[in-house]
Amino acid sequence: MSEFTVKMGHNSQFKEGVKMWKKCYNDNNGTFKWNMWHRFQGEGNVYVLTSTMNNWAELDKEDSDEASNKCRSKAMDFIWPHVDKVQYNLAETMPEISRPTPKEGTKVVWVYNVKISNYSDFKDVTKEISSTMRSSGGGIRGTWYNVVGGGPDIADFFVAIPFVNFAELDEDRDGVWAIYEKAHGKKKADELRAKFRSALSSDWAYLYSLMEDLSSN
């Protein structure tokens, strides 16, 4: 995950620079695939480039990406001058508590981030919730990620919940706590919610929309 904060007033130039780099990279038969997401709220004008790899060994191949090397000047001349700051992070999926497959046609993602003060309680709660969602909630809705390293302000874990569009957010459906309460009763739901809250040191959430013209997949 590469998070770019764009300089104020430089949004159009940044986007055009990414398009130029994308065209150069694809014209040179580059094989790297990525999605570019625009953060919908919060401080600054933020874009996040996401890509996936199957194992750590794939990082060893980055220096041999000839297409990227050929297009390096495009990035230096037309992207970086419009970037205020950039942050790089890695995260591993947690399949045991996540949806089994990606959602087709995803254009919007709600991302809920948490910093943990009690990992054992957090793990217990997420396992309990995911089990209930599988059995009583029609399936798990999001994908959980374990953030690998990073600075002091980076989340420890986050869950990404996909939507086809913003209109899907208007649909009236029960949240995970309501589903858990229906399945196990209010007392147990209140106890589990309290356990979850006590396991967190902080939490925050953002919406991201897919920028298809800046993505390549």
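The structure is a predicted model, in which local features need pLDDT of at least 70 and side-chain atom pairs count only at pLDDT 80 or more, while totals for chains, interfaces and linings use all residues. Residues are numbered from 1 along each chain as its sequence is written, and side-chain values use heavy atoms, with hydrogens and water left out.

**The chain as a whole**

- The protein chain holds six helices and nine strands; helices (H or I, at least four residues) and strands (E, at least two) are DSSP runs, numbered from the N terminus.
- Its C-alpha trace spans about 60 × 35 × 30 Å along the principal axes.
- Of the 217 residues, 38% count as buried; buried means under 20% relative accessible area, exposed means over 50%, and partly exposed is in between, using a 1.4 Å probe and protein chains only.
- Take the contacts (heavy atoms within 4.5 Å) between residues at least 6 apart in sequence: 79% of them join residues at least 24 apart.

**The nonpolar cores**

- A nonpolar core is a set of buried Ala, Val, Leu, Ile, Met, Phe, Trp, Tyr and Cys residues joined through side-chain atoms within 4.5 Å.
- The largest one has 25 residues, and those touching the most other members are Val-114, Phe-122, Ile-129, Trp-144, Phe-157, Phe-196 and Leu-200.
- At least two residues of this core come from each of E6, H4, E8, H5, H6 and strand E9 (200–210).
- Apart from this core lies another, of 18 residues, including Trp-34, Ala-67, Ile-79 and Met-211.
- Ile-129 is worth a look in the viewer: leaving aside neighbours within four places in sequence, Ile-129 is in contact with Val-176, Trp-177, Tyr-180 and Leu-192.

**The second largest pocket**

- On a 1 Å grid over the protein atoms alone, a pocket is an open set of points where a 1.4 Å probe fits, with protein on both sides within 12 Å along at least five of seven lines; lining residues have an atom within 4 Å of a point.
- The second largest pocket holds about 640 Å³ of space; grid points are joined across faces, edges and corners, and a volume is the space filled by probe spheres set on the points.
- Its lining has 25 residues, and Trp-110, Ile-129, Val-159, Ile-161 and Val-176 lie nearest the centre.
- Two or more lining residues come from each of strand E6 (108–116), helix H4 (119–136), strand E8 (157–163), helix H5 (176–184) and helix H6 (186–199).
- H4 gives the most to this lining, with five residues.
- By type, the lining divides into 16 nonpolar, four polar and five charged residues; Ala, Val, Leu, Ile, Met, Phe, Trp, Tyr, Cys and Pro count as nonpolar, Asp, Glu, Lys and Arg as charged, and the others, Gly among them, as polar.

**Aromatic rings**

- Across the whole structure, a search finds 16 aromatic pairs; rings of Phe, Tyr and Trp (its six-membered ring) pair if their centres lie within 6.5 Å, and planes under 30 degrees apart count as stacked, over 60 as edge-to-face and the rest as tilted.
- Phe-14 and Tyr-47 make a tilted pair, because their ring centres are 5.0 Å apart and their planes stand at 40°.
- This pair links distant parts of the chain, with Phe-14 in helix H1 (residues 11–27) and Tyr-47 in strand E3 (residues 45–50), 33 residues apart.
- Phe-14 is buried, with a relative accessible area of 0%, and Tyr-47 counts as buried at 1%.
- One aromatic cluster is formed by Tyr-119, Phe-122, Trp-144, Phe-157, Trp-177 and Phe-196.

- Glu-168 is in the loop between E8 and H5, and at 13% relative accessibility Glu-168 counts as buried.
- Not counting residues up to four places away in sequence, Glu-168 touches Lys-103 and Phe-163.
- Asn-29 sits in the loop between H1 and strand E2 (35–39) and is exposed, with a relative accessible area of 66%.
- Although Asn-29 is not a glycine, it has a positive phi of about 60°.
- Ala-194 belongs to helix H6 and counts as partly exposed at 47% relative accessibility.
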